[in-house]
Amino acid sequence: MLEQMTGRLDFHSNALLLRSQRQQVIASNIANADTPGYVARDFDFAAALKNASGMQTGGAAGVNQTNAMHMRLGTTSAGAQQPDMAYTVQTQPSQDGNSVDLDRERANFVDNSVRYESTLRFINGHVKTMLSAITGQ
C-alpha cells in the first residue's frame, strides 16, 4: 500500500535530481562559451529518467548488487544515477573550436528551469494531498 502511494514520488524525485544535474551541465556550457576548444555537453533526459526509474534493462540498471560492500555502478556518492554524457552537435562553426551555441543553451536552460519548477510543484501538491488524506480533511 505504501509503495503505491510513494511510487509516483520516487519517479518525480528521480526527475528532479536529473533536472538538477542537467541544469549544472547547461550552466557549465554557458560558463565556458568563450573557452577555446570547449565542447558542449548534454545528456538525453528521457533515457536517463528511464534508466534511473529502472524501466530500461541492460547497463548499470541490469546489474544487481549482491553485497553491501560492492561499489554501485553509474552512481554518484549520494546514490543518484549518473546520466550518460554526450557531446552536442556543433551548429555554428567557430575559429577557436568552441561548440557552445549560446542561443540554444539559454533556451535549454530556461526550458529545464520551467520543467524543474513544475516537477517541484507537482511533488509539493502530491505531498499536500497525502497529508490531507492522512489527517482526514
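**Exercise 1. Find where valine 39 sits, decide how exposed it is, and list what it touches.**

Step 1: Valine 39 is in the loop that runs between helix 1 and strand 1 (41-42). Helices (H or I, at least four residues) and strands (E, at least two) are DSSP runs, numbered from the N terminus.

Step 2: Its relative accessibility is 33%, so valine 39 counts as partly exposed. The cut-offs are these: buried is under 20% relative accessible area, exposed is over 50%, and partly exposed is in between (1.4 Å probe, protein chains only).

Step 3: Skip residues up to four places away in sequence, and valine 39 touches Tyr87 and Ser99. Contact here means heavy atoms within 4.5 Å.

Step 4: Now look across the chain. Valine 39 and asparagine 98 are 59 residues apart along the chain, yet their C-alpha atoms are separated by 5.8 Å.

A word on the model before you go on. This is a predicted model, where local features need pLDDT of at least 70 and side-chain atom pairs count only at pLDDT 80 or more, while totals for chains, interfaces and linings use all residues. Residues are numbered from 1 along each chain as its sequence is written, and side-chain values use heavy atoms, with hydrogens and water left out.

**Exercise 2. Describe the overall make-up of the protein.**

Step 1: Count the elements, and you get three helices and two strands.

Step 2: Read along the sequence, and the pattern is α-β-α-β-α.

Step 3: Of the 137 residues in the protein, 25% are buried.

Step 4: Take the contacts between residues at least 6 apart in sequence: 75% of them join residues at least 24 apart.

**Exercise 3. Work out how helix 1 packs against helix 3.**

Step 1: Helix 1 covers residues 2-31 and helix 3 covers residues 102-135; they pack at an angle of about 155°, and their axes are 9 Å apart. Axes are lines fitted to C-alpha atoms, for helices over the stretch in contact, and angles run from 0 to 180 degrees between N-to-C directions.

Step 2: Helix 1 and helix 3 are therefore roughly antiparallel. On this scale, angles under 35 degrees are roughly parallel, over 145 roughly antiparallel, 65 to 115 roughly perpendicular, and the rest oblique.

Step 3: Sort the residues of this contact by class, and you find 15 nonpolar, 10 polar and six charged. Ala, Val, Leu, Ile, Met, Phe, Trp, Tyr, Cys and Pro count as nonpolar, Asp, Glu, Lys and Arg as charged, and the others, Gly among them, as polar.

**Exercise 4. Zoom in on histidine 12 and isoleucine 123.**

Step 1: Histidine 12 belongs to helix 1, while isoleucine 123 is found in helix 3.

Step 2: Histidine 12 has 17% relative accessibility, so it counts as buried. Isoleucine 123 is buried too, with a relative accessible area of 14%.

Step 3: Leave aside neighbours within four places in sequence. Histidine 12 is then in contact with Thr119, Phe122 and Ile123, and isoleucine 123 with Leu9, His12, Ser13 and Leu16.

Step 4: Pick leucine 16 from that list.
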